[in-house]
Amino acid sequence: MAEKLSAVKGMNDIAPPVSAHWEWLEDKLRSLMLRYGYRNLRTPIVEPTALFVRGLGEVTDIVEKEMYSFEDRLNGEQLTLRPENTAGVVRAAVEHSLLYDGGKRLYYMGPMFRHERPQRGRYRQFHQFGAEALGFVGPDVDAELIVLACDLWAELGLEGIELEINSLGQPAERQAHRQALITYLEGHADQLDEDAKRRLHSNPLRILDTKNPAMQALVNAAPRLMDHLGAESLEHFNRLRGLLDAHGIGYRINPRLVRGMDYYNLSVFEFVTTQLGSQGTVCAGGRYDGLFEQIGGKAAPAVGWALGMERILELLKEQGKLPGQPAPDAYAVVPDAGSVPRVMPVLRALRQQGVQVQMHAGGADGMGSMKSQFKKADASGARFALIFGPDELAQGCVSVKPLRGPRPGEDAAEAPAQVSQPLADVAAWAQSLRPTIPR
Ligand code: ATP
Ligand code: MG
């Protein structure tokens, strides 16, 4: 036998029954985005490496150590598997002048790639769903995006997700804070880890984002960016707070919240939970008014967030909120293999009417016993068995046998009994198998 091959470390297959949870979550997300007027944008998974180096900043975890970068063997181009998608969205917006007629509200979902140490809630291929509002100065859209996320938690039935917000001000304000921060950190040089020492002069703000427990006390007492904000930045922040208050959305101001990319300014926020161990950030984002120019476009304000789909699904599991498995409406029991050519077109007609039907598939020695077919029908979760026996077929009929009791909220007396239905006119009774078929 040939050597067995496995998936790349930190990259996962998503197979049934788990894939049904993903589809359920994706449907919820799409439906919510439509209600808020956001439209789908799909960009390539591979982008020029320069997009991330310039967009995210050279002295960031992602660019310094997490990117899957390679040289195109054919033309020597430097390419990278996208580690996030905000830079790609902005590149596409610039490339196709998406903002020519005003702001755009966009969403995306798909795989991202970061070379991290795989652990619960942290993978090398993971999936983000992101929302970006391009061309709006805010803070109304900043608030809209946060409210949207809160609606999502509510619709998913998730509890215990807390909102943290901060303001990163504008570059000049960060410059003043930077000086104060460097002076403070230099005064405690003995407490800095390797990363912090390296970043002390290249990107000291990033040190506040450290995950090193030994440095928490030090960064907690560091000078606050908030104390260096000018009137306009404070006004933006306070208006955002007012809008959150108007929605009754609670939040905590976290002055240490600086986010992992350099492109942010003004509003930044994270949604966090204590129920996922140390990978507790489920959704994060902020304003990035400088990014358009940074990657060579015309200046445009923008704000957005991305959520980690694996972490959301993990939290749904933790809180027992995952949906049940999808089940077909009906399972076709076919006692005699010779009937299959007659049965399959009937099932096709039912499906064309919107009914979900699974056919019993035979083996090398026929269709199997009725008993084993009914066992499969039951295991499928189907509400009805369609019995295509020789007697039924001779009369041009199929027996429809209920396998389940009444639906929730349905009177037991109204629960269907076994009936016979004509094969000739499937449309007349398809509805009885699936009462929710849209007409
Ligand atoms: P962390 O601090 O956990 O490394 P981050 O700040 O690097 O997160 P972002 O770049 O803001 O994360 O990505 C947005 C969201 O994507 C995160 O809040 C998280 O839910 C998810 N995410 C980020 N990296 C991973 C990963 N390696 N595996 C799974 N989910 C991830
Ligand atoms: Mg990270």
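Which residues does Ser339 touch, not counting residues up to four places away in sequence?

Figure 1. Ser339 lies in the loop that joins strand 12 (330-333) to helix 12 (340-352). Leaving aside residues up to four places away in sequence, Ser339 touches Val334 and Leu393. The relative accessibility of Ser339 is 9%, under the 20% cut-off, and this residue therefore counts as buried.

**Figure 2. Crossing of helix 1 and helix 5 in the predicted model.** The axes of helix 1 (residues 18-35) and helix 5 (residues 140-156) come within 11 Å of each other and cross at roughly 140°. The two helices are therefore oblique to each other, and the crossing of helix 1 past helix 5 is right-handed. On the side of helix 1, the contact is formed by Trp24, Leu25, Lys28, Leu29, Leu32, Met33 and Arg35; helix 5 contributes Leu148, Asp151, Leu152, Glu155 and Leu156. Sorted by class, this contact of helix 1 with helix 5 comprises 8 nonpolar and 4 charged residues, with no polar residues.

**Figure 3. Packing of helix 4 in the predicted model.** Helix 4 (residues 86-95) is mostly covered, with 8 of its 10 residues buried. The buried residues are Thr86, Ala87, Gly88, Val89, Val90, Arg91, Ala92 and Ala93. Their packing partners include two helices, helix 2 (49-56) and helix 10 (291-294). They also pack against strand 2 (46-48), strand 5 (104-113) and strand 6 (125-134).

Terms used:
Residues numbered from 1 in each chain as written. Chains lettered and ligands numbered in written order. Predicted model: local features only at pLDDT ≥ 70, side-chain atom pairs only at ≥ 80, totals over all residues. Heavy atoms only, no water. Helix = DSSP H or I, 4+ residues; strand = E, 2+ residues; numbered from the N terminus. Buried < 20%, exposed > 50% of the residue type's maximum accessible area, 1.4 Å probe, protein only. Contact = heavy atoms within 4.5 Å. Axes fitted to C-alpha atoms, helices over the stretch in contact; angles between N-to-C directions. Parallel < 35°, antiparallel > 145°, perpendicular 65-115°, else oblique. Left-handed = near helix turned anticlockwise from the far one by under 90°. Nonpolar A, V, L, I, M, F, W, Y, C, P; charged D, E, K, R; others polar.
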